Amino acid sequence: MSNRMRYELAQYPSQFWLMFAGLILSTLGMTMIWPFLMIYASESLSLPLGAVASLMTVNAAAGILSSVLAGPVVDRAGRKWVMVVGLIGNGLCYFLLNGAHSYGAFALVLGASGAFSPLYKVGMDAMLADMFPMRKRADAFALIRMARNIGVATGPAVGGFVLAQSYSIGLYSAAAGLIAYGLLMLFFAAETIPPEVKAEASSLVEQLRGYWEALRDRPFMGLVGAFTLVQMTSALMWVLLSVYLKTHFGIGEQLYGWLPTTNALMVVFLQVWITRKTRRKPAVKVMGWGAGFYILAPLVVALSEGFWEFWAAMVLMTLGELIVVPRASAYAANLAPVDKRGRYMSLYGLTWNVASGISPLLGGFLSDHVGTKAPWFGGALVGILAVGAFWLLGNGDSQENL
């Protein structure tokens, strides 16, 4: 690490490093189980892939409703307490999932988890935007992605070995990590909501009406639409790939665990460097370049039959993530007015909920009724649409340098 980089990192506030450490801890526990959750549900319930994938739709639908409410709550009540409730509530859901043995029980717990998750995600995004000026936000979001992926680098690899013996350990680890992060925020974090936002606090109904301004913001909604398409391909890879590899190629949890670990290691070692290399380029153009990798990744999966080919597909998707995700997060935060930051970041956060609600369910349907490779060709088509959406956004965008 260069002296200049050490100096820049030293300028980050202590609360940022508290969030950095808490995110590593929570992600380490959560990723011991999350990449394998569909395998766990499939083996516990003995249902077709389409039915199992519908559990993610339940999770995502609850997340959509929660995200809509999270924005005004974060703008009204503050970032800290919303994050604490989301983290501890989601941790308790993973604890309860260990006792779920029916479709209804899985749907209930995963629905609750989907409701809690957006609370801490929207709160964290708004808190980061509060803490940093516009020019430093892309780097801050890149570092937070790095923290998350330090946990991901270890969690799935360890989880692959542990879950071959007991899924309970993975579920309890996820619960412990999330609750521990929530307690760190509860006792050591300070509220960051700007004073002018507190002064303008209004009723929840009036706060919900504030979404109308965001929905009429054409550059912002263009970003939301394009990024949702990117997330659809990402959700397909993260939710269905583990089941696809185990069912059709005999690649089980232990070997599959190295794919998300590869993703995480690439983020840890390359994210900050790639963000710094691309930050002087127009944001929308950079995101369009990155979206191209979301065409290649599912195509490689569709044409592959061996572990290393599937590993290459994960590498391609990760390259797209490294280019697109931090720039998209910073771009969304930069477009958000200070008094509506929670609502803007809430709508931005909906991209994953919408994508994970549609993509796995559609992929499961294509697999059950068209062919086992059909979901991956569909994912490539969605990637093409994402590239086109960013191209249209770039042509109509007057805020390229944000």
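This is a predicted model: local features need pLDDT of at least 70, side-chain atom pairs count only at pLDDT 80 or more; totals for chains, interfaces and linings use all residues.
**Exercise 1: the partners of Arg79**

Task: Find which residues form a salt bridge with Arg79, and decide whether the residues involved are buried or exposed.

Solution: 
- Step 1. Start with Asp75: the closest N and O atoms of Arg79 and Asp75 are 3.3 Å apart.
- Step 2. Now turn to Asp130, where the closest N and O atoms of the pair with Arg79 are 2.6 Å apart.
- Step 3. Check burial against the cut-off of under 20% relative accessible area. Arg79 has 0%, so Arg79 is buried. Asp75 has 2%, so Asp75 is buried too. Asp130 is likewise buried.
- Step 4. Widen the view: Asp75, Arg79 and Asp130 belong to a network of salt bridges that also includes Arg343. The structure as a whole holds five salt bridges.

**Exercise 2: a link between distant parts**

Task: Work out where Arg279 and Asp139 lie, and how exposed each of them is.

Solution: 
- Step 1. Look at the pair itself: the side chains of Arg279 and Asp139 form a salt bridge, at 2.5 Å from N to O.
- Step 2. Locate both ends. Arg279 sits in the loop between helix H14 (258–278) and helix H15 (283–291), while Asp139 is in helix H7 (residues 134–163), and the two are 140 residues apart.
- Step 3. Compare the surroundings. Arg279 has 31% relative accessibility and therefore counts as partly exposed. Asp139 has a relative accessible area of 10%, so Asp139 is buried.
- Step 4. Recall the general idea: side chains of opposite charge can pair when their charged atoms come close.

**Exercise 3: two residues side by side**

Task: Describe the places of Thr228 and Lys281, then say whether each is buried or exposed, or in between.

Solution: 
- Step 1. Thr228 is part of helix H12, whereas Lys281 is in the loop between H14 and H15.
- Step 2. Thr228 has 13% relative accessibility, so Thr228 counts as buried. Lys281, at 45%, counts as partly exposed.
- Step 3. List the contacts, leaving out residues up to four places away in sequence. Thr228 touches Thr351, Val354 and Ala355; Lys281 touches Val286, Trp289 and Arg327.
- Step 4. Finish with C-alpha distances. Thr228 and Tyr348 are 120 residues apart in sequence and 8.8 Å apart in space. Lys281 and Asn149 are 132 residues apart along the chain, with 25 Å between their C-alpha atoms.

Notes:
Residues are numbered from 1 along each chain as its sequence is written. Side-chain values use heavy atoms; hydrogens and water are left out. A salt bridge is a side-chain nitrogen of Lys or Arg within 4 Å of a carboxyl oxygen of Asp or Glu. Buried means under 20% relative accessible area, exposed over 50%, partly exposed in between (1.4 Å probe, protein chains only). Helices (H or I, at least four residues) and strands (E, at least two) are DSSP runs, numbered from the N terminus. Contact means heavy atoms within 4.5 Å.
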